[in-house]
Amino acid sequence: MTGAEFVILSLVPLVIGVLAAIACALPGNFLLLRRQALIGDAISHVVLPGIVVAFLLSGRVAAVPMMLGAGGAALVSVALIEAIRRLGRIEPGAAMGVVFTAMFAGGVLLLEQSAASGVHLDVQHALYGNLESLVWLDGHGWGALVDREALRGLPPELARMAVVTLAVALFTGLLWRALVISTFDEGFARTLGLPVRALSLALVAVAAMAAVAAFDAVGSIIVIAMFICPPAAARLMTDRMSGQVAWSLGFATLSAVLGYVLAGYGPLWLGYQSAVSAAGMIATVAGLILALAALFGPRRRGVAAV
Amino acid sequence: MLWQALGLGLGYNATLVTLGAAMLGIAAGATGVFLYLARRALVSDAIGHATLPGVVAGYLVMVALGGEGRFLPGLMLGAAVSAGLGLACVSWLAARTRLHEDAAIGAVLSVFFGAGVVLLTVVQVLETGRQAGLETFLLGATAGMLRAEALGIAAGGAAVLALVVLLRRPMVAVAFDSEFAAGQGVNLRAVDLAMMGLALAITVVGLKVVGVVLIVALLIIPPVAARLWSERVSVIVALAGAIGGLSGYLGAAISATAPGLPTGPLIVLASFALFTLSLLFAPARGVLAAGLRYWRFQRRVHLRQGLLALASGYPVHDPLTLRLMRRQGLVRADGVVTPAGRAMAARARLDERRWHMLRSLPEFEAAAARHDGLSPLSEVLTPDQLAALDRRLGPEGAL
C-alpha cells in the first residue's frame, strides 16, 4: 500500500480511533476505581433514543442536534435511575439495568418505526459504528497534511473528537489531585473541603461527553471496551495512580492502532479481499491486552479494596 | 389487528411464537429473581453479550461442515459455549485478580461482543452477496420463525422453569445469607454455578426472540417489578414469572401485527410498562402508597399539634390545621372551639402527660421505645396498665 492510499483510507480512522480510545480510557480510570465501571455501558445504551429523537426533530444527520439529544437522554436516564432507586428502594445496579435496557429498546423501536432507519442511522451503526467510512478523500499523500485545501476536506468527526479528547484531558489534568483524593478516600476529601458530590457528577458528565462523541464516530462497542479494558489492564500493572493512567493510555493507543491494522490488513495478509470490523477488532485487542495483564501483570493480585 | 393478535387469532405459527415468548418470559422472570436477590443481576448482561461470538462461530462451523448454517440448535450450542466461556472469564477475573466484578462484567461484555462483531464481518467476507441473517440475533426477531423453533423455545423455557422450582430453596438461602447457608451445609459453589447456569440457559433459549443486546432485560425488569409488590420470595418468584410471561406475550403479539416492530424491544418495553405500573401502584413500596402515607401522616401531625395548642389555650393560626379541625367539628367557622373540640383537646393533653410520665419510668422502657409523638398511649398499653399509670399521675390523671 502506498503512502497516498494510507493517508486517504487509513490515517483519519486511525487517528479518530486513537483519540476515541484515549478520551474514554482517561475517565475510565477513575470510574473503575470508584466501582462505576458499568456507567460507560449504560451511557452508550441510553444515548440511542436521544440521538433518534434529535434526528426526528431536526430532520437531518447533524452533529450538534445529535449531541444535544444524546446529552438530554443521558440526563433523563440519570434522573430515572435516581428516581427508581429512591422511590422503589431498589439497588443501584438493578435500577441501572432497568433503565438502560428500556431506553435502548425504546430507541431501537423509534429507529425502526421512523424513516431514520432507511437514511443513515441504523442499529448496527449505533452498535459498532463505521470507523472505516471516515475516509479523507482530499488526502493525496503525506504532503496533504500541510496543504490547507486538503485539510479542509477532513471528516468533521476528526475535529470533534480531537476537541472532546482535549477537553477530557484538560479536565483530568486540572482536577487531578482532587479527583485522585476523592476517588481513593471520599471522607478525607470532604474534610479537605473538596466538593465530592460535584466532582463525582462532573466525572460522570465528562464520561458521558466522551462516550457521546466516541459513539458518534466509532459506535458504542468501542466506548464500552475503552472505558473498562485499558484501565483494568493498567490497574494490574501498577499501584500508582499516575502510572495506571499512563499505562492505560498506552494500552488504549495500542489497542486502537493494532486493532485497526489487524482489521484492515489482516484479511488481506490471509488472502481475502475485504476487511473485517475495525471497531470489533479494537475491542478484541483491548480484551487480549487485558487477558495478558491478568495472567502476567506484576500487580494482578493485590488487595481488592473492600 | 391488535385485538386479533392478543386473542391469538393471527394464524397457527404466530400463535405458537406468542405462546413460546410467554413461556420464555415466565422462566426468565422466575430465574432473574434469584440473580436480583443475590445482587448479581448485571452478570446476565455479560452472559447475553458473550453469546454473540458463539452464535457466529456456530454458523461458521456448520457451514464449514457443509450444513445449512442457520440450524437453530447448532447456533444455540455455540452461544452456550461462548457464554459459558464469558461467565468463566468474569468469575476468574473477579476471583483471581484485584478487579471487581463490575469491571469484569464490562470487560467480558465488550470484548466478547467486539469479537462477535468481527466474526459477523468475517461471515460477510466469506459469503459475498448472500446474507446469513445472523444480524437478527442482535435484536431478536420472530418473523419467519419455524414451528419447531417456537416449540423448542417454549420447551426450553419450561425446562428452565422446572429447574428453578426444583432448586429454589438453596438458591434463596445463598441469595439472602451465603455464610449461613454454608453453615447449613449448602455447597455455595454448586449453587452459584446452578444459578449462573440457569441464567445462561434462559439467555440461550431466548436469544432468537429477544436478541443478545436486550435479553438481560428479561432477567432484570420482571424481578425488580415483582420485588415492589411483596416481601416473600415465593410470591416474588410467582409475580416475576407472571410479569415476564405477560411481557413476552404482549411483545410477541404486538410485534406480529405489523412489519418494523422488532420483537425484542417490544417485549422489553412491555415489561418496562409493567414495571412502571408496579412502581406507581404497588401497595407498600409504590409511589402512590408512599404519597398517601405521607398525606395521612401530615394530617395526623397537624391535628395533634392543633389539639395540644387548644388544650394549652394558645390560638391556632396554621391554615391546614384550622381546616382539619373545622372539618371534624372541633372548631366553629368563626374560630371558637366547640365542646367536642375541648373534650378532644383535653384527651390529647392527658395522653401527652401519660407519655411524659411513662418515659420517666424504667419499668415501661419497652413501651417508651414506641413513642412517636402521635399514637395515643391507649394503643400501646392495656387498660390495667393505663389505670396504674393514671394513679401515678394523681389528680392530673382524672379526665
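Me: Hi! In chain B, what share of the contacts between residues at least 6 apart in sequence join residues at least 24 apart?
Reply: Hello! That share is 69%. Two residues are in contact here if their C-beta atoms, placed from the backbone, lie within 7 Å. A word on the source: this is a predicted model, where local features need pLDDT of at least 70 and side-chain atom pairs count only at pLDDT 80 or more, while totals for chains, interfaces and linings use all residues. Residues are numbered from 1 along each chain as its sequence is written, and chains are lettered from A and ligands numbered from 1 in the order in which they are written.

Me: Thanks. How many helices and strands does chain B have?
Reply: Chain B comes to 17 helices and 0 strands. Both are DSSP runs numbered from the N terminus: helices are H or I with at least four residues, strands are E with at least two.

Me: And is chain B a compact globule or more spread out?
Reply: More spread out, because its radius of gyration is 31 Å, well over the 21 Å that the globule rule gives for 399 residues. That radius is taken over C-alpha atoms, and the rule is 2.2 Å times the number of residues to the power 0.38. Along the principal axes, the C-alpha atoms of chain B fill a box of roughly 100 × 55 × 35 Å.

Me: What percentage of chain B is buried?
Reply: Buried residues make up 47% of its 399 residues. A residue is buried if 20 or more other C-beta atoms lie within 10 Å of its own, exposed if 12 or fewer, and partly exposed in between, with C-beta atoms placed from the backbone.

Me: Which domains does chain B have?
Reply: The assignment gives domain 1 (2-284) and domain 2 (288-397). Such bounds come from an automatic or database domain assignment. The C-alpha centres of domain 1 and domain 2 of chain B lie 55 Å apart.

Me: Let's pick one residue. Where is B:Arg304?
Reply: B:Arg304 sits in helix α13 (residues 287-311) of chain B. With 18 other C-beta atoms within 10 Å, B:Arg304 is partly exposed. Leaving out residues up to four places away in sequence, B:Arg304 touches B:Ala348 and B:Leu374.

Me: New topic: how many residues does each chain give to the contact?
Reply: Chain A gives 56 residues and chain B gives 48 residues. On the chain A side, α4(A) gives the most, with 13 residues. By class, that side has 34 nonpolar, 14 polar and 8 charged residues. Ala, Val, Leu, Ile, Met, Phe, Trp, Tyr, Cys and Pro count as nonpolar, Asp, Glu, Lys and Arg as charged, and the others, Gly among them, as polar.

Me: At what angle do α9 and α11 of chain A cross?
Reply: Their axes come within 10 Å and cross at roughly 105°. Axes are lines fitted to C-alpha atoms, for helices over the stretch in contact, and angles run from 0 to 180 degrees between N-to-C directions. α9(A) and α11(A) are therefore roughly perpendicular to each other. Angles of 65 to 115 degrees count that way, under 35 as roughly parallel, over 145 as roughly antiparallel and the rest as oblique.

Me: Which residues meet there?
Reply: A:Ala178, A:Leu179 and A:Ser182 in α9(A) meet A:Val196, A:Leu199 and A:Leu203 in α11(A). They divide into 5 nonpolar, 1 polar and no charged.

Me: Last one: what is phi of A:Arg35?
Reply: A:Arg35 has a positive phi of about 60°, although it is not a glycine. A:Arg35 lies in the loop between α1 (3-33) and α2 of chain A, and is exposed, with 12 other C-beta atoms within 10 Å.
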